[in-house]
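Let us walk through this structure one chain at a time, then look at where the chains meet. Keep the viewer open as you read.

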Amino acid sequence: MELLPQYLANGLVTGSFYALSALGLTLILGLMRVVNFAHGELYMLGGVMGWWATTRLGLDFFTGLLLVAVVMAAFGWLVDRLLIERIRDQGEEPGILLTIGLSIFLANTALLVVGTAPLKVEAPLSAGPVFFGDIVLTKLRLFAMGVCAVLIFAAWLLIHKTRLGRAMRATFQDPMAAQLAGVRTANVYAATFAMGTVIASMAGMLLGSIYSAQVSIGGLVSMKAFVVVILGGMGSFAGAICGGLLLGVVEALWGGYVATGSVDIIGFALVILTLVFRPYGLFSKRAERA
Amino acid sequence: MRKWMQMLGLAGVVVVASMGAQAQEAVKIGVIQPLTGSVAYNGLAFVAGAKLAVEQRNAAAGVLGRKVELVIEDGQCRPANSVNAAEKLVQRDKVVALTGAFCSSATAAVMPVAEKYKVPLLTGVSSKADLTEKGMQYFFRSAETDRLMSKTFSKILAEKLQLKTVAYIGVNDDWGRGGVEDFSKDLEALGVKTVLKEYFDHGATDFYTLLTKLRASKADGVFVAAETQDGSILVKQFKEFGINTKIFGVGSWATADFIGLTGDASEGIYAAVPYASSLPGERNKAFVEKYSAANKEKPGKYGAAGYNAMNIMMDAIARAGKAEPLAIRDALRQTDYAAPNGRYRFTEKGEGYGFDVVLVQITNKEPRVVAQSQTEKP
């Protein structure tokens, strides 16, 4: 039992990382109704670009993060305007096929260009241990949790407190009415996808500095993100945060008291239970979903 | 960028190879390795080593007065793709011998194909113990099995690190579980207590839960079976977590990439490997120089494996006196090849032995050889 506080701390740290990794996915799914299977690859691109910016260009972490955000925003915008635009309003299947294709394309392009070796993203802080009583954490992890909180809060502000956010919500409630009211819906769609892309890629770079960036990580990230989204309910901020933390803590406890080798079972068991008993997620209020 | 150039180079080789088909001049050897997928990085190192061996041989008049040509196919470490590659190499390219296919499961699938066409197959990598126990007549292995490593090093490790209790951590697949079982059995026989056995899945990134358990187990030493990607993250987190236990393990550890990724965290860890670029001896020095010049990095386990496998094969062709599969198979059985890391020979079952394996410790970012031992005839 004396290990419990450490397990909880581990779970909360990984849980907040899960929440951030899933946020981009849940926003695109909730607002645009596009099931983005390329989410993990966007995360991966963030990590790879972070490596490139910090080790090849020699930038510091924050300048690198800014550069990644700007480039990936442009990339996300273009993907929406050039690809997703063409299959809008044609149901969900074309979107699924398109994003699966995009994920394969991105993963293999990255493989061709940077290869298979894990890449190191220079971290802004040292990774030495910090002790709180018996609990061990690192400065870098605490810092990353802080950044997660800031990013999630910033995304929430953007959607709930700005003009663009209002336009987004209006568009996804009723595109026709929004258009009649003078909202340029094409731009709103593109901005939403760009926002999801930026959040995914920033998560990729941030977590790349703690673990390492890997070209082949995309599928695994997508899978965990889908677990979090299903737990929390799509499009919901509170859902992403609680779903992420829940997954992190449960995984840590399972790993701690049962076996670390079978830890991936637990996420999917949770998903099955959620789908059986609360198919709209633990935290979704159906009226809130656009 | 460099990787990209390598891929281009590979494509070039394949093109050249297919053009050479009309010439009927060169002796063709098929290579099946993962060139894409999660172990592509290691597969490409094998190919780099194999190419170096062929270049050197061709510069010195080739074999049987003819040039040697490699026909390289991507098996992706998957059984189905590797079998397709083998069929294509034998049927269309008419290779006289095959090498490959990295992952044990892929190699096991290619073995019946080699048997069917009566073409010798040599693997320089696949380490699953039972491959040589299937009664295949055309299969040879110039690689170490984990059982061999464990048998050779358990005693040295137990004495050198003065181990009383050991925790075992392995990747959750055949190889990782096999490594943990072999080492724990051999160490227990020497009176070292097992206090923890845990596995993690491929691609896992956060090991804090595992490390919490490890710290609570108060082990003197930790055994780890992991490849470069997972292993580097794990070792980094050991140090973050403030664990200073002695770490030793198997996998591609003593490589420049591993050390670059882990930074200071890799200092002092021990790795049992079949090859290290810092091995003593003139033959190894020459190999390291040539390999580094061609690839801009020092050879690791897989670069050496490719180099050795190809030399063993070319030696056998020269000894056979003719480029015919059956004669080559018989000549392979007579192998006595002086490699950068000892002398390779084969048992009747095709199991390689006689080469050296080493225990290295990483100090000042270089793998330093602590103990070197010849593998005995199994």
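Chain A is built from 11 helices and 2 strands. In sequence order the pattern is α-α-α-α-β-β-α-α-α-α-α-α-α. Keep in mind that this is a predicted model. It scores ipTM 0.80 and pTM 0.78.

Start with the overall form of chain A. Its C-alpha trace spans about 60 × 50 × 35 Å along the principal axes. A compact globule of 290 residues would have a radius of gyration near 19 Å, and chain A agrees, because its own value is 19 Å. Buried residues make up 51% of the chain A total of 290. Now take the contacts in chain A with a separation of 6 or more: 78% of them join residues 24 or more positions apart.

Next, find helix 10 of chain A, residues 237-257. This helix has 21 residues. From first C-alpha to last it reaches 30 Å, close to the 30 Å expected at 1.5 Å a residue.

Move to strand 2 of chain A, where A:Leu137 is found. Is A:Leu137 buried or exposed? The cut-off for a buried residue is 20 or more other C-beta atoms within 10 Å. A:Leu137 has 20, so it counts as buried. Setting aside neighbours within four places in sequence, A:Leu137 is in contact with A:Ala9, A:Val13, A:Val130, A:Phe132 and A:Leu142. A:Cys242 lies 105 residues away from A:Leu137 in sequence. In space, the two are 21 Å apart, C-alpha to C-alpha.

One backbone detail in chain A deserves a look. Most residues other than glycine have a negative phi, and most peptide bonds are trans. A:Arg33 is not a glycine, yet it has a positive phi of about 60°. A:Arg33 lies in the loop between helix 1 and helix 2 (39-56) of chain A. It has 17 C-beta neighbours inside 10 Å, so A:Arg33 counts as partly exposed.

Now turn to the place where the chains meet. Chain A gives 31 residues to the contact, and chain B gives 30 residues. Which elements of chain A each supply at least two residues to this side? They are helix 1 (4-32), helix 4 (93-114), strand 2 (135-138) and helix 10. By class, the side of chain A that touches chain B has 16 nonpolar, 13 polar and 2 charged residues.

Cross over to chain B. It has 12 helices and 14 strands. Its C-alpha trace spans about 65 × 45 × 40 Å along the principal axes. For 378 residues, a compact globule would have a radius of gyration near 21 Å; chain B agrees, because its value is 21 Å. Buried residues make up 57% of the 378 residues in chain B. Of the contacts in chain B with a separation of 6 or more, 66% are between residues 24 or more positions apart.

How is chain B divided into domains? The domain assignment gives domain 1 (2-144 + 281-346) and domain 2 (146-273 + 358-374). Their centres, taken over C-alpha atoms, are separated by 30 Å. Across the boundary, 12 residues of domain 1 of chain B are in contact with 11 residues of domain 2 of chain B. The domain 1 side of this contact divides into 2 nonpolar, 5 polar and 5 charged residues.

Zoom in on the loop between strand 3 (97-100) and helix 4 (104-117) of chain B, where B:Ala101 is found. The peptide bond from B:Gly100 to B:Ala101 is cis, with omega near 0°. B:Phe102 is in the loop between strand 3 and helix 4 too. Its phi is positive, near 65°, in a residue other than glycine. B:Phe102 counts as buried, because it has 26 C-beta neighbours inside 10 Å.

Finish with confidence. Chain B averages a pLDDT of 86, and 93% of its residues score at least 70. Within chain B, confidence is highest in strand 4 (residues 121-123), at 95, and lowest in helix 1 (residues 2-20), at a mean of 52. Over residues 15-23 of chain B the pLDDT is below 50. Beyond near neighbours in sequence, this stretch has 6 contacts in the model.

How values were computed
Residues numbered from 1 in each chain as written. Chains lettered and ligands numbered in written order. Predicted model: local features only at pLDDT ≥ 70, side-chain atom pairs only at ≥ 80, totals over all residues. Helix = DSSP H or I, 4+ residues; strand = E, 2+ residues; numbered from the N terminus. Expected span 1.5 Å × (residues − 1). Rg over C-alpha atoms; globule rule 2.2 N^0.38 Å. Buried ≥ 20, exposed ≤ 12 C-beta atoms within 10 Å, placed from the backbone. Contact = placed C-beta atoms within 7 Å. Nonpolar A, V, L, I, M, F, W, Y, C, P; charged D, E, K, R; others polar. pLDDT = per-residue confidence, 0-100. Domains from an automatic or database assignment.
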